[in-house]
Number of protein chains: 2
Amino acid sequence: MPSEPPRPLRADAARNSAKILRAARQVYAEQGPDAPLEEIARRAGVGIATLYRRFPDKAVLIRAALDQSFTEELAPVIEEALDDADPRRGLARVIETAVALTARDHNMVTAARNAGGFPMDAGARFFASLAPLIRRGQDAGLVRADLVLDDVRRIMSMLVSVLWTLDPREDGWRRYVGLLLDGLKPEAASPLPPPAPLLIRRPGG
Amino acid sequence: MPSEPPRPLRADAARNSAKILRAARQVYAEQGPDAPLEEIARRAGVGIATLYRRFPDKAVLIRAALDQSFTEELAPVIEEALDDADPRRGLARVIETAVALTARDHNMVTAARNAGGFPMDAGARFFASLAPLIRRGQDAGLVRADLVLDDVRRIMSMLVSVLWTLDPREDGWRRYVGLLLDGLKPEAASPLPPPAPLLIRRPGG
DNA sequence: ACAGAACCGATAGTCGACTATCGATTGATA
DNA sequence: TATCAATCGATAGTCGACTATCGGTTCTGT
């Protein structure tokens with residue numbers, strides 16, 4: 001099934017798209033997770049219909065905004081981690097940075113969550129780039145051999161859910177990064193059931 | 001600050017409350033997480049205003065329903081676990097049962113989540129009852145010494161979030177129960193930041 | 001068994017997410 | 001630069017969560 005290459009957006013449409021994403025970040029940061037989409041459209045200087053034209057629903061919009069900052073700000077950390085002499089430390093740093101970013105954008109994450117979105121298909125590229133790091137850790141005997149990439153993705157998802165139980169201004173989540181990473185050590189490994197495919201759900205599913 | 005003892009519900013009010021909880025379970029099981037509250041009121045045979053009178057918002061209603069089945073169905077498992085010769089196995093069984101129940105009520109959990117509720121203050125009593133189990137595991141050197149009760153609560157919360165990434169009809173979550181429990185072994189323990197107080201958020205926070 | 005409080009159903013209204021439509025622009029292309 | 005499609009803003013409407021109100025009903029304590 002050869003899917004057609006999607007035509008690129010027209011210039012004005014792309015411009016609006018960017019304005020909306022920028023506005024979304026601002027508005028959620030200032031007004032909290034319950035900010036209405038109309039406010040975002042107003043701030044972006046576009047009509048509400050345009051917002052829905054670019055982003056079919058609230059969850060998609062927020063995920064796009066998260067994905068953007070996620071991808072941009074995490075890239076340098078990943079490069080650094082890939083060169084780290086200790087692969088487990090590299091992995092730890094990437095995960096910590098990712099959670100810290102998520103904590104910073106807490107309002108948006110909450111809004112996405114309330115809209116039924118699964119925040120963690122933000123940064124898909126990001127996770128893929130971790131594969132060599134994991135492999136190296138496993139080859140060095142520092143990471144349990146049965147760990148797969150989807151596990152790391154789910155670990156991020158778990159850590160994000162922990163944010164919800166913490167004061168967003170503190171970094172209490174670090175404790176759970178540590179706890180999870182301890183579970184990745186080979187010396188703790190007991191046999192696990194096989195990994196199941198990662199399901200991405202749409203709102204209302 | 002002496003808080004007044006809350007008067008018990010009048011007989012008819014209590015009856016309605018029970019009818020609403022029962023209807024909520026049915027409706028969510030049959031119609032999925034997007035079922036409207038009006039449908040629940042209709043099914044319960046009460047007016048929508050009565051529903052809101054008993055349960056100030058959607059999240060509270062669902063949490064009450066979850067809490068009920070949670071508490072009832074988990075009690076025997078907990079008793080059994082408290083007597084288990086291997087405290088870590090006992091802990092594992094309790095957690096597994098709790099996640100299995102949550103998976104069974106997946107629609108309701110999703111609905112609560114989308115309503116901004118934190119599903120895991122359901123079963124508060126349940127968690128408290130785990131304290132002696134943890135203590136025994138620690139005394140026997142089977143559970144890391146720095147584990148606190150809130151950690152277990154957050155672990156449950158993390159496991160629930162993993163359900164979101166899995167086929168609800170399968171039991172792929174068992175892998176992550178294993179992963180988390182491996183992180184509780186003393187032989188994997190590296191120093192952790194101190195635990196932070198557990199925050200219960202209201203919708204829109 | 002009766003009085004007053006507590007509770008009820010119905011109803012009307014607000015707000016935000018989302019859909020559909022339409023005439024008026026604006027950008028890609030010849 | 002003229003054309004035509006892509007895009008736009010505005011607007012009207014649906015739906016569900018939630019609030020407020022009100023006259024009627026049902027408990028509960030005496």
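This is a predicted model: local features need pLDDT of at least 70, side-chain atom pairs count only at pLDDT 80 or more; totals for chains, interfaces and linings use all residues.
User: What makes H5(A) and H8(A) a crossing pair, and at what angle do they cross?
Analyst: The axes of H5(A), residues 87-104, and H8(A), residues 131-139, come within 8 Å and cross at roughly 145 degrees.

User: Which residues make the contact of H5(A) with H8(A)?
Analyst: H5(A) brings A:Pro87, A:Arg88, A:Gly90 and A:Leu91, while H8(A) brings A:Leu133, A:Ile134, A:Arg136 and A:Gly137. Residues are in contact if their C-beta atoms, placed from the backbone, lie within 7 Å.

User: Is the crossing left-handed or right-handed?
Analyst: H5(A) passes H8(A) in a left-handed crossing.

User: How do the residues of this contact divide into nonpolar, polar and charged?
Analyst: They divide into 4 nonpolar, 2 polar and 2 charged.

User: What makes a residue part of the surface near DNA strand C, and which are closest?
Analyst: A residue is near if its C-beta atom, placed from the backbone, lies within 6 Å of the strand. For DNA strand C, 24 residues surround it, and the closest are A:Lys58, B:Val46, B:Gly47, B:Ala49 and B:Thr50. H3(B) gives the most, with 4 residues.

User: Which residues come nearest to DNA strand D, and which element gives the most?
Analyst: Of the 24 residues around DNA strand D, the nearest are A:Gly47, A:Ala49, A:Thr50, B:Ala11 and B:Lys58. H3(A) gives the most to this surface, with 4 residues. The residues of the surface divide into 13 nonpolar, 3 polar and 8 charged.

Terms used:
Residues are numbered from 1 along each chain as its sequence is written. Chains are lettered from A and ligands numbered from 1 in the order in which they are written. Axes are lines fitted to C-alpha atoms, for helices over the stretch in contact, and angles run from 0 to 180 degrees between N-to-C directions. Helices (H or I, at least four residues) and strands (E, at least two) are DSSP runs, numbered from the N terminus. A crossing is left-handed if the near helix is turned anticlockwise from the far one by less than a right angle, and right-handed if clockwise. Two residues are in contact if their C-beta atoms, placed from the backbone, lie within 7 Å. Ala, Val, Leu, Ile, Met, Phe, Trp, Tyr, Cys and Pro count as nonpolar, Asp, Glu, Lys and Arg as charged, and the others, Gly among them, as polar.
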